[in-house]
Amino acid sequence: MNEQQEPQPTPVIHGGWPTAQLAGAFTTALTDGDPETRRRAERRVERWRAVLSGMADGTLTVGSRTPVAGLPAWVTPEVVRGGFATGAAVAGGPLLPYETEAARRAGVPADRGALFTHHLSDRGLAELTALLDSGRYAVGVPEEAALLTVAWLVRHGEVAEALRLLDVLEPFAGRLRFTPRPADEPVDVDGTTAYRTTVGQATATLARRTPNRAVETMNEALTVWNPLADEFLALWLRTAVAGEVLAHTPDDEWRRHAEGLLQRYRVLAATHTLCRKHLRPKENPAILRDALERTVAGQELDPRRLGLLRAAVTKMVARRGAPGSAHHGELRARQSADAALPTHHALAQLVVRRMSGLPQDTGTPRADLLVGPVGDEEQELTGIPAGTAIPAALARTVTSTLSAPVGTLIERGVVPSAEVLAELVPHLVAAATSLAYPDPALRRLMAATYRAFRDRRSLLLVDLAHQVRIEELPWVRAVAEQRRGTGRAADSARTALVELAELTLQGFPATILPNPLISEFSALARGAGMTEPFVEELAADIFMGTFSPKFLAAACVAGELLAGSVYERYYGIDYRRLAADDVPGFAKLCHERARIRTGRSVAADGMVIEQAQILTTHNLATLAGPVGAVPSPGWDDLARRSFRSVIRLVALAHQQARPLATIKDAAYAWRQTVFQLSQCTSEGQAALVDHILAETAQQPGQVRTSLDPVAHGLWLVVMEGVAFGPDGTADGGRARQFLGWSEERHWMRRGPLTY
């Protein structure tokens with residue numbers, strides 16, 4: 001076993017990252033122009049200070065499943081970017097308004113310990129039982145479901161289990177929230193639809209839109225100052241003879257007109273202060289006004305000012321025509337029409353008015369109606385012309401509230417990425433997995449608990465530790481024996497798993513599964529009674545040099561599907577050898593395949609992790625094999641779309657100063673392409689190779705140069721049965737195996753590159 005295969009020591013996690021985050025938040029809090037942004041930054045400053053303070057005094061253990069001294073793993077910690085716990089519990093802090101109100105109604109001190117005791121009384125248990133029956137509660141953080149679970153256990157005669165649960169909760173009774181928040185509507189256990197944002201969230205976003213100062217300034221120029229400048233110009237043209245301004249002395253009528261015009265100017269200047277162009281001495285309107293003021297005051301213009309006046313008049317007429325001319329009239333009419341268009345701010349307020357009558361704490365199936373053109377009645381109320389379309393930027397905010405099947409949301413672009421999909425899936429998974437509880441009240445409670453649990457932010461972990469699982473929550477464990485009706489629940493979970501797998505493959509064929517989505521797949525698989533594992537993407541900067549057993553199991557699943565395939569030949573895998581390996585042997589194989597030459601580094605560890613992803617297919621084989629996902633467009637369609645993403649990412653990499661992260665994503669998309677191609681028939685594979693070669697030939701210089709060896713390598717593997725050499729090349733270097741990580745500079749770009 002070489003140096004790279006030996007067990008690695010636990011990485012030392014120092015304060016460099018938190019310190020940098022604190023500095024960035026501090027700078028934003030001091031300098032940002034938006035007050036709300038500054039307030040958010042101030043909150044981040046306090047959290048990062050807490051992180052650094054806890055790391056310094058030992059009350060925080062970064063990398064542990066129990067990072068906060070004195071808090072068990074099941075308590076939801078406050079976690080900031082990067083997986084660092086701040087030392088606070090999300091269910092802790094000052095009493096929330098609903099808790100204060102509950103204490104007032106109960107006649108007990110506004111203290112969590114007193115509230116905890118109250119809810120164990122007959123009256124308190126009755127209140128909790130009523131909530132269970134009505135379902136009119138919300139679980140914002142998993143701990144808020146704990147005492148409802150106690151009430152359910154007591155009502156169903158499980159007193160001993162309730163007491164055991166209370167023994168676990170009681171030490172934290174004065175510190176954490178264990179009761180739910182009141183809600184107007186019952187907990188939703190329908191798993192057929194989802195939405196990205198609530199109506200209330202979208203309303204708040206639209207309400208925060210302030211008038212665009214640049215647009216307001218432009219409209220003021222078009223409606224106020226341009227017409228006034230036209231009047232100045234027309235007045236001076238009345239003094240012209242043969243195009244020569246002030247060729248004769250202005251008469252009294254002209255002077256009275258000029259005095260009225262100047263008086264109007266002063267009134268407008270006092271009330272319309274956005275546009276400042278009319279105040280700039282070198283601008284034509286200011287030159288005309290200055291000359292007018294001097295002439296009305298009886299001053300004779302000196303040669304320099306007279307020259308400036310005549311030049312300004314000449315330029316204005318040459319550019320736009322004389323006021324009253326056809327060309328000038330057409331120009332001003334277009335500008336007037338532009339200025340009359342309703343602003344985004346005004347239209348946002350109109351949409352807010354439309355949304356005000358809807359339930360604010362959920363999505364809506366009526367999102368399309370909310371972004372229709374302005375109606376006749378709305379014109380009467382707002383003055384915005386009927387038929388005016390809602391701008392796309394506002395429509396996107398409203399469309400994010402659409403409540404519909406996930407497939408519809410993907411098709412409509414409401415779900416633009418697998419990461420966003422992962423945010424929505426817990427709602428569906430909660431509905432599927434909660435069917436294991438026959439009692440409707442408990443089913444609703446466990447669905448609410450699951451959704452809240454999935455909002456729990458992941459911790460930074462080392463030593464192959466796994467995140468806390470929902471089964472570890474004491475109140476979930478207390479009702480584990482209530483999970484019956486497993487046949488129906490398992491069928492529901494499996495159906496949801498297959499549907500979600502197909503939606504993911506179809507919607508995002510070039511993207512590897514993000515870890516939050518993998519968690520949902522795992523939960524559904526467990527609910528379906530499946531034992532095949534899903535593997536997460538590992539972080540190269542805290543990689544320990546080895547893998548948990550499920551990586552070998554996932555690679556064996558891949559071997560059953562891909563033995564003898566194009567995928568196996570392209571990546572030079574011997575799945576028969578892999579099936580005979582143990583876990584250390586799997587790690588050794590990944591190190592061998594990475595061909596590291598320079599020793600441990602983030603890039604070198606990334607190369608090892610990439611080989612594990614190749615061997616396991618990073619869950620693709622599990623989805624296509626045991627799960628049985630069959631993407632409806634067909635694997636060839638997915639491969640074509642994945643290759644389009646490869647082209648886009650390679651082109652983007654050539655525009656970036658630090659492109660290796662993009663090259664890595666391109667290599668992942670290429671691996672998806674090779675897998676998808678491997679699922680096609682021989683004829684389909686040949687057609688896809690021809691397509692990839694043709695698409696590559698059409699790309700501009702640098703992109704084509706980068707993709708030529710990649711496409712040629714695939715052609716050699718598929719059509720000629722050629723294998724890549726130990727250096728990842730073939731055909732004398734004309735063909736290259738496309739991998740993303742490199743410990744040296746990547747061959748796809750000349751010059752040194754940085755991850």
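The following dialogue explains how to read several features of one predicted model.

Colleague: How many helices and strands does the chain have?

Modeller: Helices (H or I, at least four residues) and strands (E, at least two) are DSSP runs, numbered from the N terminus. In this chain there are 33 helices and six strands.

Colleague: What radius of gyration does the chain have, and what would a compact globule have?

Modeller: The radius of gyration is taken over C-alpha atoms, and the globule rule is 2.2 Å times the number of residues to the power 0.38. For 755 residues a compact globule would have a radius near 27 Å, but this chain has 34 Å. Along the principal axes, the C-alpha atoms fill a box of roughly 105 × 85 × 55 Å.

Colleague: What share of the residues counts as buried?

Modeller: Buried means under 20% relative accessible area, exposed over 50%, and partly exposed in between (1.4 Å probe, protein chains only). Of the 755 residues, 49% count as buried. Ala-333, in helix α13 (residues 326–340), counts as partly exposed because its relative accessibility is 45%. The C-alpha atoms of Ala-333 and Ile-647 are separated by 46 Å, and the two residues are 314 residues apart along the chain.

Colleague: Which residues are in contact with Thr-198, leaving aside its neighbours within four places in sequence?

Modeller: Contact means heavy atoms within 4.5 Å. With those neighbours left aside, Thr-198 is in contact with Gln-360, Asp-361, Thr-362, Gly-363 and Thr-401. Thr-198 lies in the loop between β4 (181–182) and α8 (199–207), and counts as buried because its relative accessibility is 14%. For the chain, residues 24 or more positions apart account for 70% of the contacts with a separation of 6 or more.

Colleague: How is a positive phi to be read, and what are the values at Thr-617 and His-618?

Modeller: Most residues other than glycine have a negative phi. Thr-617 has a positive phi near 65 degrees, and His-618 has a positive phi near 45 degrees. Thr-617 lies in the loop between α28 (602–616) and α29 (620–624), and His-618 also lies in the loop between α28 and α29. Thr-617 counts as buried because its relative accessibility is 1%; His-618 counts as buried because its relative accessibility is 2%.

Colleague: In what sense do strands β1 and β2 pair?

Modeller: Two strands pair if DSSP finds at least two bridges between them. Strand β1 (residues 77–80) and strand β2 (residues 84–89) pair in the antiparallel sense over three bridges. Val-79 has Ala-85 of β2 as its bridge partner, and Pro-77 has Ala-89 of β2. Three residues stand between the strands of this hairpin, where Gly-82 takes a positive phi near 90 degrees.

Definitions and conventions
Residues are numbered from 1 along each chain as its sequence is written. This is a predicted model: local features need pLDDT of at least 70, side-chain atom pairs count only at pLDDT 80 or more; totals for chains, interfaces and linings use all residues. Side-chain values use heavy atoms; hydrogens and water are left out.
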